[in-house]
Amino acid sequence: ERIEYIICKDSKHTEQMRTAIYTVAFITLTIIFPWIGFSIIYASFLEWNLHKHLMHTKRKWFEYPFKAHAVVHHQIFKADDTYHLQNDEDKHTIPMAWWNGPALALVSTLPILIIAFFLNDYSICLKVGISVYGYYVVYESMHFLMHLPVEKQPWWFKKFHVFRDLDARHRLHHLHMNTKNFNVVVWFWDWIFGTLQKPELG
């Protein structure tokens, strides 16, 4: 089954201009605050890998993410009308467990210890850990809003292109859940690893 989601009526030129603006803004932010730019790309890398290799791949040694996400979440929220919450009692299946954020932030700092050791600056671990946790909060917030009924979504989420675009990409993930669009917030690694599927523009 092939489903396309029309999210806007922009021309190809407008889409390219918007992408260029986002790219310049990110590069500028990275130049001013290098650790923020690095942390965003790093957190996006973690998001892609955890989503694909733990939440959509069953591991005998750690089945919790797969059961909670692929089995429960994706069985309730599909790419059709059920993409949006139908029953309030299922609302708890949208976010991760409360302890996931702190655990991810802590684990994310372990590889950074190597960089911190060579730079002799262990404050990097704290900066990256805080940034990764911030990314996780944005992920959880965005993901929760995506699955709310449209009438309950805030006006800015429905108005601005960047949110509608991310929402449409995530809906395509629910259509091709094991192969496409594993990034929810920053789709950089979907692009790098060839799992990016863009929504059709009307």
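This is a predicted model: local features need pLDDT of at least 70, side-chain atom pairs count only at pLDDT 80 or more; totals for chains, interfaces and linings use all residues.
H2 passes H5 in a right-handed crossing.

Two packed helices are described by the angle between their axes and the distance between the axes. For H2 and H5, the axes come within 9 Å and cross at roughly 55°. The two helices are therefore oblique to each other. As for the residues involved, the H2 side of the contact consists of Trp-35, Phe-38, Ser-39, Ile-40, Tyr-42, Ala-43, Ser-44, Leu-46 and Glu-47. On the H5 side they meet Lys-127, Val-128, Ser-131, Val-132, Tyr-135 and Tyr-139.

Now the chain as a whole. The secondary structure comes to 8 helices and 0 strands, so to read the elements from the N terminus on is to read α-α-α-α-α-α-α-α. Of the 202 residues, 39% are buried. Among contacts with a separation of 6 or more, 64% are between residues 24 or more positions apart.

Next, helix H4. It covers residues 100–119, which is 20 residues. From its first C-alpha to its last, H4 reaches 29 Å, close to the 28 Å expected at 1.5 Å a residue. Where does H4 bend? At Pro-111, by about 45°. Just after H4, Asn-120 takes a positive phi of about 55°.

The buried residues of H4 are Asn-100, Gly-101, Ala-105, Ser-108, Thr-109, Ile-112 and Ala-116. Which helices do the buried residues of H4 pack against? They pack against H2, residues 34–53, H3, residues 64–76, and H5, residues 123–147.

His-84 has its place in the loop between H3 and H4. Is His-84 buried or exposed? Its relative accessible area is 12%, and because the cut-off for buried is under 20%, His-84 counts as buried.

What does His-84 touch, leaving out residues up to four places away in sequence? The list is Phe-77, Met-146, His-147, Leu-148, Pro-149, Val-150, Gln-153 and Arg-171. Leu-148 is 64 residues from His-84 along the chain, yet the C-alpha atoms of the two are separated by 5.3 Å.

Methods:
Residues are numbered from 1 along each chain as its sequence is written. Side-chain values use heavy atoms; hydrogens and water are left out. Helices (H or I, at least four residues) and strands (E, at least two) are DSSP runs, numbered from the N terminus. The expected span of a helix is 1.5 Å times one less than its number of residues. The bend at a residue is the angle between axes fitted to the seven residues ending there and the seven starting there. Buried means under 20% relative accessible area, exposed over 50%, partly exposed in between (1.4 Å probe, protein chains only). Contact means heavy atoms within 4.5 Å. Axes are lines fitted to C-alpha atoms, for helices over the stretch in contact, and angles run from 0 to 180 degrees between N-to-C directions. Angles under 35 degrees count as roughly parallel, over 145 as roughly antiparallel, 65 to 115 as roughly perpendicular and the rest as oblique. A crossing is left-handed if the near helix is turned anticlockwise from the far one by less than a right angle, and right-handed if clockwise.
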